[in-house]
Amino acid sequence: NTWVLPSLSNQHQQIKEASIWQDEKFHKTEFYSSISHEYEKKFINYVLNATMKEDHILDICCNQGRWLKALRRNGYTNLSGFDIMKPAIEKFRLSDEYLSGGIEVEHSLAQDYLLKAQENSYDYAITWGATIELIHPSFLLFEMLHKITRKGFIFIINENKHTYPRFYRHIIKSTGFTPKRKAGDITEYNSKSIFNNGL
């Protein structure tokens, strides 16, 4: 379906598919409000070790901002995020981390947010599974990420499940990203050739 679906979608369909995430009817925000499991701690520790406090980091589909909150508590002050779930963004804006400054968040459909982002707006994009896997393949996500990130992205991706399984490794490499380093089951990708030295 990776090759067929891009030609079978339109903006109306993308919005309809994303609408299940707009409120808490099926998915509660509390599940995404904090970091509690060991594998979640492993992910945020990896992000902390792979980035610098000065980096501008975008959390794709941030929900209540558990990753952004952790980064803010660790001294990061140039953070952005978005999510289609309005109640999650509203709760996030009441958090101590958000109120302390250094974080900008927006209620937005992923495609809309990314399309309006300027070239090289962010150093890194991050996300945790069940986010990009739900974005219809007709939206050229990794081409967009290559345009808007300076250094690359750090994602947790389930390659074979969710609504739209993809040939992620092929798509990522054909878009211009290269693997920077791998730690267990986490691979970090660089977006620009200047950062590929020494690989």
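Trainee: In which helix is the place of Tyr113?

Mentor: Tyr113 sits in helix 6, residues 110–116. Helices are DSSP runs of H or I with at least four residues, strands are E runs of at least two, and both are numbered from the N terminus. This is a predicted model, in which local features need pLDDT of at least 70, side-chain atom pairs count only at pLDDT 80 or more, and totals for chains, interfaces and linings use all residues. Residues are numbered from 1 along each chain as its sequence is written, and side-chain values use heavy atoms, with hydrogens and water left out.

Trainee: Is Tyr113 buried or exposed?

Mentor: Buried means under 20% relative accessible area, exposed means over 50%, and partly exposed lies in between, with a 1.4 Å probe and protein chains only. Tyr113 has a relative accessible area of 8%, so it is buried.

Trainee: Which residues is Tyr113 in contact with, leaving aside its neighbours within four places in sequence?

Mentor: Contact means heavy atoms within 4.5 Å. On that basis, with neighbours within four places in sequence left aside, Tyr113 touches Leu58, Ser80, Gly81, Phe82, Glu106, Ser108 and Tyr122. Phe82 is 31 residues from Tyr113 along the chain, and their C-alpha atoms are separated by 7.5 Å.

Trainee: With which side chain does the side chain of Tyr113 make a polar contact?

Mentor: A polar contact is a pair of N or O atoms within 3.5 Å; within protein, one must be able to donate a hydrogen and the other to accept it, and residues adjacent in sequence count only if both atoms are side-chain atoms. The partner here is the side chain of Tyr122, at 3.0 Å.

Trainee: At what angle do helix 2 and helix 3 pack?

Mentor: Two packed helices are described by the angle between their axes and the distance between the axes. Axes are lines fitted to C-alpha atoms, for helices over the stretch in contact, and angles run from 0 to 180 degrees between N-to-C directions. For helix 2 (residues 38–50) and helix 3 (residues 66–73), the angle is about 50° and the axes are 11 Å apart. Helix 2 is therefore oblique to helix 3. Angles under 35 degrees count as roughly parallel, over 145 as roughly antiparallel, 65 to 115 as roughly perpendicular and the rest as oblique.

Trainee: Which residues of helix 2 and helix 3 meet?

Mentor: Glu40, Phe43, Ile44, Val47 and Leu48 of helix 2 meet Arg66, Trp67, Ala70 and Leu71 of helix 3. By class, this contact has seven nonpolar, no polar and two charged residues. Ala, Val, Leu, Ile, Met, Phe, Trp, Tyr, Cys and Pro count as nonpolar, Asp, Glu, Lys and Arg as charged, and the others, Gly among them, as polar.

Trainee: Why is helix 3 described as largely enclosed by the rest of the structure?

Mentor: Helix 3 is described that way because seven of its eight residues are buried. Those buried residues are Arg66, Trp67, Leu68, Lys69, Ala70, Leu71 and Arg72. After helix 3 comes Gly75, with a positive phi near 95°.

Trainee: How far apart are the axes of helix 7 and helix 8?

Mentor: The axes of helix 7 (residues 141–148) and helix 8 are 9 Å apart, at an angle of about 40°. The two helices are therefore oblique to each other. Phe142, Glu143 and His146 of helix 7 make the contact with Tyr168, Ile171, Ile172 and Thr175 of helix 8.

Trainee: Where is Phe177 found?

Mentor: Phe177 lies in the loop between helix 8 (168–175) and strand 6 (178–183). Phe177 counts as buried, at 1% relative accessibility.
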